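I opened this notebook to record what I looked up in the structure. The entries follow the order in which I took up the topics.

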Amino acid sequence: MATITTRTVEYPADGLTMLGHLALPAGTDRRPAVLLGPEGTGLSDVERHRADTLAELGYVALAFDIHGGRYLGDPEEMLARCLPLLADPDRMRGIGHAALDVLRAEPRTDPDRIAAIGYGTGGAIALELGRDGVDLRAIGTVNGLTTGRPGEAARIHCPVWAGVGSEDPIMPPAQREAFTAEMQSAGVDWRLMVYGGALHAFHHPPVDHTVLPGVGHHPRHAQRAWRDVVDLLAECLPVTE
C-alpha cells in the first residue's frame with residue numbers, strides 16, 4: 001500500500017468555516033485530483049476513507065465539507081439545511097467553487113486534470129460545477145440525480161456518470177427521467193447505472209442514528225458503485241506514473 005499523507009483544511013464557504021479532508025499520494029510530483037462530496041448528512045469518516053483510498057490510487061483527493069464541520073445525523077435538521085441548499089444552484093456552486101479553489105491551490109494538484117465525484121447533496125454540487133462551466137475531466141453522482149436551470153447543462157463538457165438504486169424513493173423514476181432528458185438534450189456524454197433492489201444512500205455503511213424512510217445500505221451494490229466510480233476515473237482521469 002502506498003504511503004499517503006492527510007490533513008484537515010479550513011476554508012470559508014456559504015458563510016461557514018468548512019473543514020475538508022485532503023489526502024495526498026506518495027511522491028512530490030503533480031497528480032490528477034478528485035473533489036469528493038458527501039451525502040446531505042455531511043462530511044464523515046466514510047468520505048475521508050474514500051479520499052484516502054483515492055490517494056492510494058495516485059490521486060490528490062479533497063473530501064469537502066458542506067455544513068461547517070458538522071455532521072447532521074438528525075434527519076429534520078439535515079433536511080432543514082439541505083432542502084434550501086438544493087433549491088439554490090448559486091449556493092451549491094459557491095460551496096463547490098470554494099472547495100475547488102482549495103484543491104487547485106494544493107501544489108500536488110494538476111489543475112488541468114480534476115474530476116468531481118459526489119453522493120447525494122455532494123453529487124448535486126458536483127453537477128452544478130459542471131453546469132457552471134467548470135473545466136472538469138469527469139463528473140460522478142450517486143443518488144444525486146438533480147436537474148438544473150434550463151439550458152445550463154450544455155456547459156458540461158465532460159462525461160457524466162450517475163448511479164441510483166432502483167428502489168430509491170428520493171430519486172424515483174420520474175426524477176431519473178428528468179435528469180437523463182436534461183443530459184441528453186444538452187448533448188452530454190452521460191451514463192446511468194441503476195442498481196437493482198437498492199434504496200437511497202445504498203452506498204453508505206449503516207449508521208447508529210435515525211435515517212429517512214427509503215434509506216438503506218446494500219453491501220454488494222455499494223462495492224459495485226465504488227468500482228464504477230474508480231473505473232470512471234481510470235477512463236477519464238488516468239494516473240500516469
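I began with the salt-bridge network, which links Asp90, Arg93, Glu128, Arg131, Asp132, Arg149, Glu152 and Glu182. I counted a salt bridge where a side-chain nitrogen of Lys or Arg lies within 4 Å of a carboxyl oxygen of Asp or Glu.

I note for the record that this is a predicted model, in which local features need pLDDT of at least 70, side-chain atom pairs count only at pLDDT 80 or more, and totals for chains, interfaces and linings use all residues. Residues are numbered from 1 along each chain as its sequence is written, and side-chain values use heavy atoms, with hydrogens and water left out.

Salt bridges.
I searched the whole structure and found 16 salt bridges. I took helices (H or I, at least four residues) and strands (E, at least two) as DSSP runs, numbered from the N terminus.

Next I checked burial, where buried means under 20% relative accessible area, exposed over 50%, and partly exposed in between (1.4 Å probe, protein chains only). Arg93 is buried at 5% relative accessibility, whereas Asp132 is partly exposed at 24%.

I then looked up Arg31, which forms a salt bridge with Asp29, the closest N and O atoms being 2.9 Å apart. Arg31 is buried, with a relative accessible area of 7%, and Asp29 is partly exposed at 34%. For Arg113 and Asp110 I found a salt bridge of 2.9 Å, N to O; both of these residues are buried.

Rings.
I counted one aromatic pair. The rule pairs rings of Phe, Tyr and Trp (its six-membered ring) if their centres lie within 6.5 Å, with planes under 30 degrees apart counted as stacked, over 60 as edge-to-face and the rest as tilted. Tyr195 is buried at 3% relative accessible area, and Phe202 is buried at 0%.

I also found Arg50 over the face of Tyr119, at 4.2 Å from the ring centre. The test asks for NZ of Lys or CZ of Arg within 6 Å of the ring centre and within 35 degrees of the ring normal.

Surface.
I noted a nonpolar patch of about 200 Å² made by Tyr71, Val207 and Val211. Patches take residues with over 30% relative accessible area and no salt bridge, joining like charges within 9 Å and nonpolar side chains (Val, Leu, Ile, Met, Phe, Trp, Tyr) within 5 Å. Tyr71 sits in the loop between β4 (60–63) and α2 (75–86) and is partly exposed, with a relative accessible area of 32%.

I placed Gly197 in the loop between β8 (190–195) and α6 (219–236); Gly197 is partly exposed at 45%. From Gly197 to Val134 I read 34 Å, C-alpha to C-alpha, and 63 residues in sequence.

Annotation.
I looked up the UniProt record, an unreviewed entry, where "domain: Dienelactone hydrolase" covers residues 20–235. Over residues 20–235 the chain is 38% helix and 20% strand, with the end C-alpha atoms 26 Å apart.

Technical notes:
Areas by Shrake-Rupley, 256 points an atom, 1.4 Å probe, with all protein chains shown as cover. UniProt positions renumbered as here; feature names shortened; annotations may be inferred.
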